[in-house]
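Look over the chain as a whole before turning to single residues. The paragraphs below go from the overall fold to particular side chains.

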Amino acid sequence: MKLKAIEWHNNKVKFIDQTKLPEKLEFVETDNYLVIEEAIKNLRIRGAPAIGIAGAFGVVLAIRQYSGSDKKEFLKFFIEKIINTFRNTRPTAKNLFWALDRIKKSVYENRELSIENIKEIVLKEALDIYKEDENISKKIGENGAKILKDSSTVLTHCNTGFLVTAGIGTALGIIYTAVEQGKKIKVFADETRPLLQGARLTVWELMNRGIDVTLICDNMAAFVMKKGLVDYVLVGADRIATNGDTANKIGTYNLAVLCEKHKIPFFVAAPYSTFDFDIKNGDDIKIEERKPEEVKCSYGRYIAPRKAKVFNPAFDITPNNLITGFITEVGIFYPPYGNWENLKKP
Ligand code: MRU
């Protein structure tokens, strides 16, 4: 049986608690939307597409709890309150806002129907988002695998595999697809401080699939590149502006700068739902700042003075001029960036 990071199961949301990995593979099943809200905030469910799916399922759970019969109240207060609850979980990943807008639109387009019918329509919309995402990650994998040469080595950052989508993932999905096609691909995984998504999740995913992965600390990437050990860098994205500036896990920008220096192709893999055509460039992307303890504590204890001042942005922006190409479900986009017409009409 294929593992799923998140799914709709017996009228509940079932997800892997990613904070427990790699030590424990623990599933949570819930019909309480507040559990989903907490899970997104605390990265039990994480990664841009998965956050969008979780937000959509969270709204489904919430409106199922509504037992009143006042349509106006249902529409105006309940839906908007619930949608706002999820909008306020994490600010950077566009996929979350995209999914919530899509759910909201489906409700308003069907507002003449009964409350029970609207509940069914919201569930259908959330399941559509899920199925589409599964298919999209397959296509990203196929499109990206074309650029990976046999016997090559990819360096990746954070976690972009099955844990972040309904399917095989984005950047890691490309590696899975290339390996399935018979190519020999080796991977360097950045540990990805402070929350170690690379060490905990990417290495776990790749080892489970029997893929040759080597863990490095984030500050080793330059040395590994200098030694000529990296052929490509593949990363995911949380939000991409119209000009191609890209928000992704903190440390991604470092890699892009290093790639320019060492003449290594730097590709971003992302679905349509990560693109934000309402903003011109990266300056308009809101970067989430998380609590200082994430940086000050590790190995279950303080690793810095308790009162140390900390700056903890969860994401950074890679400027478009450092990006070799965007691997999407409709193909690969190369510079100059700005014309995304094909992507808008998949
Ligand atoms: O804070 P996280 O773990 O949710 O951050 C995830 C990332 O930065 C991923 O690289 C990004 O969401 C792309 S995954 C398709």
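Predicted model: local features only at pLDDT ≥ 70, side-chain atom pairs only at ≥ 80, totals over all residues.

Residues are numbered from 1 along each chain as its sequence is written, and side-chain values use heavy atoms, with hydrogens and water left out.

The protein chain has 11 helices and 16 strands; these are DSSP runs numbered from the N terminus, with helices being H or I of at least four residues and strands E of at least two. The radius of gyration of the protein chain is 20 Å, close to the 20 Å that the globule rule gives for 346 residues, so the chain is as compact as a globular protein of that length. That radius is taken over C-alpha atoms, and the globule rule is 2.2 Å times the number of residues to the power 0.38. Along its principal axes, the C-alpha trace spans about 65 × 50 × 45 Å. Of the 346 residues, 54% count as buried, where buried means under 20% relative accessible area, exposed over 50%, and partly exposed in between (1.4 Å probe, protein chains only). Among contacts (heavy atoms within 4.5 Å) between residues at least 6 apart in sequence, 74% join residues at least 24 apart.

Charged side chains come next. The structure holds 17 salt bridges, each defined as a side-chain nitrogen of Lys or Arg within 4 Å of a carboxyl oxygen of Asp or Glu. One of them joins E37 and K41, at 3.2 Å from N to O. These two residues are four apart in helix α1 (residues 33-41), and are therefore separated by about one helical turn. E37 is buried, with a relative accessible area of 15%, whereas K41 is partly exposed at 35%.

R87 and D101 form another salt bridge, with their closest N and O atoms 3.0 Å apart. This pair links distant parts of the chain, as R87 is in helix α3 (residues 71-87) and D101 is in helix α4 (residues 94-109), 14 residues apart. R87 is partly exposed, with a relative accessible area of 30%, and D101 is also partly exposed, at 37%. In the salt bridge between R290 and E294, the closest N and O atoms are 2.8 Å apart. Here R290 counts as buried at 16% relative accessibility, and E294 is buried at 11%. Salt bridges also link D17, K20, E26, E38 and R44 in a network.

A polar atom of the D133 side chain does lie 2.7 Å from the backbone nitrogen of A166. Not counting residues up to four places away in sequence, D133 touches P49, I53, T165, A166 and G167.

E191 is the other case: it is buried without a salt bridge, and the nearest side chain of opposite charge, R193, is 5.5 Å away. E191 is found in the loop between β5 (185-190) and α7 (197-208). Leaving aside neighbours within four places in sequence, its contacts include L196, Q197, L215 and C217.

A disulfide is a covalent bond between the sulfur atoms of two cysteines; here the criterion is a pair of cysteine sulfur atoms within 2.5 Å. A search of the whole structure finds zero disulfides. The sulfur of C158 is 16 Å from the closest cysteine sulfur, in C217, too far for a bond. C158 is buried, with a relative accessible area of 8%, whereas C217 is partly exposed at 28%.

G173 is buried, with a relative accessible area of 0%. Apart from neighbours within four places in sequence, G173 is in contact with G141, T160 and I168. The C-alpha atoms of G173 and S114, 59 residues apart along the chain, are separated by 41 Å.

Note on methods. Polar contact = N/O pair within 3.5 Å; in protein donor to acceptor, adjacent residues only side chain to side chain. Lys, Arg positive; Asp, Glu negative; His and termini not counted.
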